Amino acid sequence: LWTRLLSHIFGGTIYAFSIMLASFLFGIAAGGFAAGRLAGNQRQATNLFVTSQILIAVLSFLSFNYIDAWVPVFSGLGVKAVYSIIIILPSTFFIGMTYPLAVKIACDTPEQASHVSGRIYAWNTVGAIIGSLLTGFFLLPLIGFVGTIKAAVIVSLLLGFYTSFEHRDGLLKRQAPILGLLAFFIILTPSRPDGHRWVEG
């Protein structure tokens, strides 16, 4: 989805994929490093996890929905690359926070760290495989580019909703209505006027 988005700037070139991959990996690395430093205990990790899912959804939705308003005036490759990194990096930073925060939440004792890390990493890899196949072969043909973006955003919100609802902390439970309202708003937001071009292009 990010590659298709950047093709709106770079056209059908290898630059779109290269910039997307570099930005994505850098964002994940930076987010993982930050999460490891900020999550001191399970309660902090859970709060950060829910917050990161909200920000992933909101920032990704804004990037996809308003990219036309932010396209740079200058057309040089360097300017486009910087612009693309700015568009992708905020979302991928919080995506990178997800894995280490999930490990922290699932670990009750330090001795469980290796087992929990391996289990979550395995499920993360399985999810990446299923997600890529599901998106390319089913979601994009069935509901189009914009519909698939909304579906991905809703999944992040549902993940945050589930985490906040299951946790016994009162503050987290109060975040659940916010997640529900965001999901409702995103579902009802009209598709981009040029949405059909994103599917056919």
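Me: Which helix gives the largest share of the lining of the largest pocket?
Reply: Helix H6 does, with 23 residues. Helices here are DSSP runs (H or I) of at least four residues, numbered from the N terminus. A pocket is an open set of points on a 1 Å grid over the protein atoms alone where a 1.4 Å probe fits, with protein on both sides within 12 Å along at least five of seven lines; lining residues have an atom within 4 Å of a point.

Me: What kind of model is it?
Reply: The model is predicted, and local features need pLDDT of at least 70. Residues are numbered from 1 along each chain, and side-chain values use heavy atoms.

Me: How much space lies in that pocket?
Reply: The largest pocket holds about 1,900 Å³, counted as the space filled by probe spheres set on the joined grid points.

Me: And which residues are closest to its centre?
Reply: Of 45 lining residues, Phe24, Ile95, Asn124, Gly127 and Ala128 are the closest to the centre of the largest pocket.

Me: Which elements give two or more residues to the lining?
Reply: They are H1, H2 (14–38), H3 (42–65), H5 (77–106) and H6.

Me: Turning to Leu6, is this residue buried or exposed?
Reply: Leu6, in helix H1 (residues 2–10), counts as buried because its relative accessibility is 0%. Buried means under 20%, exposed over 50%, and partly exposed in between (1.4 Å probe, protein chains only).

Me: How far apart are Leu6 and Met20?
Reply: Their C-alpha atoms are 7.4 Å apart in space, and the two residues are 14 apart in sequence.

Me: Where does Leu133 lie?
Reply: Leu133 is in helix H6, which covers residues 113–166. Its relative accessibility is 45%, so Leu133 counts as partly exposed.

Methods:
This is a predicted model: local features need pLDDT of at least 70, side-chain atom pairs count only at pLDDT 80 or more; totals for chains, interfaces and linings use all residues.
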